[in-house]
Amino acid sequence: MARARTTTERTGAGGFTAVPLPAGALMGPQMKQFWKAQERILTEAEAFARHWFARRHEAALGALRACEQAAQANPADAAGALQSFRDWQAHSAERMAEDMREWAELWARCAGHLVNSEVGAGAETLEELQREAAELHTKHATPV
């Protein structure tokens, strides 16, 4: 009895998949593109997190400066002391708007990575199936 032919493809995660053909032709490109998309999404998420933490750090330092300015302000000038907190609050609103803008852009880019990976996987699957069909056709004798 003939043994089922298998294909081994290296995935982006560093693992291997051994799938009988034509299942390998159908699943291999999907798995490869899935892990490529995951890598791109992780890169996007890392950049977002880095920017988010930088804004939080800026907010913490701004709050500290506001407290120091309020503590050093003339006790008779309450409005002047509160102005530093108003300034910090205005900058906080700007930071939150930037958070939301970057968050929406992150999701749009990640969705784009997934769509592109699906399109690429579909094209690779079609090519692999065409190769498999051609190989099967050339290996089998035509009945007389």
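This is a predicted model: local features need pLDDT of at least 70, side-chain atom pairs count only at pLDDT 80 or more; totals for chains, interfaces and linings use all residues.
The side chains of Arg-95 and Glu-58 come together in a salt bridge, at 3.5 Å from N to O, where a salt bridge is a side-chain nitrogen of Lys or Arg within 4 Å of a carboxyl oxygen of Asp or Glu. This pair links distant parts of the chain, since Arg-95 belongs to helix α2 and Glu-58 to helix α1, 37 residues apart; helices here are DSSP runs of H or I with at least four residues, strands are runs of E with at least two, and both are numbered from the N terminus.

Residues are numbered from 1 along each chain as its sequence is written, and side-chain values use heavy atoms, with hydrogens and water left out.

Are the two partners buried or exposed? Arg-95 is buried, because its relative accessible area is 6%, whereas Glu-58, at 42%, counts as partly exposed; buried means under 20% relative accessible area, exposed over 50%, and partly exposed in between, with a 1.4 Å probe and protein chains only.

The structure holds nine salt bridges, and another of them joins Arg-56 to Asp-99, with the closest N and O atoms 2.9 Å apart. Arg-56 lies in helix α1 and Asp-99 in helix α2, so this pair ties together parts that are 43 residues apart in sequence. Asp-99 is buried, at 11% relative accessible area, while Arg-56 is partly exposed, at 23%. The charged end of Arg-56 also sits over the ring of Trp-52, 4.9 Å from its centre, the criterion being that NZ of Lys or CZ of Arg is within 6 Å of the ring centre and within 35 degrees of the ring normal.

Within helix α2, Arg-109 and Glu-105 are four residues apart, about one turn of the helix, and their side chains meet in a salt bridge at 3.9 Å, N to O. Both of these residues also belong to a network of salt bridges that links Glu-44, Glu-98, Arg-101, Glu-105 and Arg-109.

Turning to the aromatic residues, a search of the whole structure finds four aromatic pairs, where rings of Phe, Tyr and Trp (its six-membered ring) pair if their centres lie within 6.5 Å, and planes under 30 degrees apart count as stacked, over 60 as edge-to-face and the rest as tilted. For Phe-34 and Trp-35 the ring centres are 4.8 Å apart and the planes stand at 80°, so the pair is edge-to-face. Phe-48, Trp-103 and Trp-107 are linked by ring pairs into a cluster.

Finally, which residues line the largest pocket? Glu-58 and Arg-95 are among them, together with residues including Trp-88, His-91 and Ser-84, and the elements that give two or more residues to this lining are α1 and α2. The lining divides into two nonpolar, four polar and four charged residues, with Ala, Val, Leu, Ile, Met, Phe, Trp, Tyr, Cys and Pro counted as nonpolar, Asp, Glu, Lys and Arg as charged, and the others, Gly among them, as polar. On a 1 Å grid over the protein atoms alone, a pocket is an open set of points where a 1.4 Å probe fits, with protein on both sides within 12 Å along at least five of seven lines, and lining residues have an atom within 4 Å of a point.
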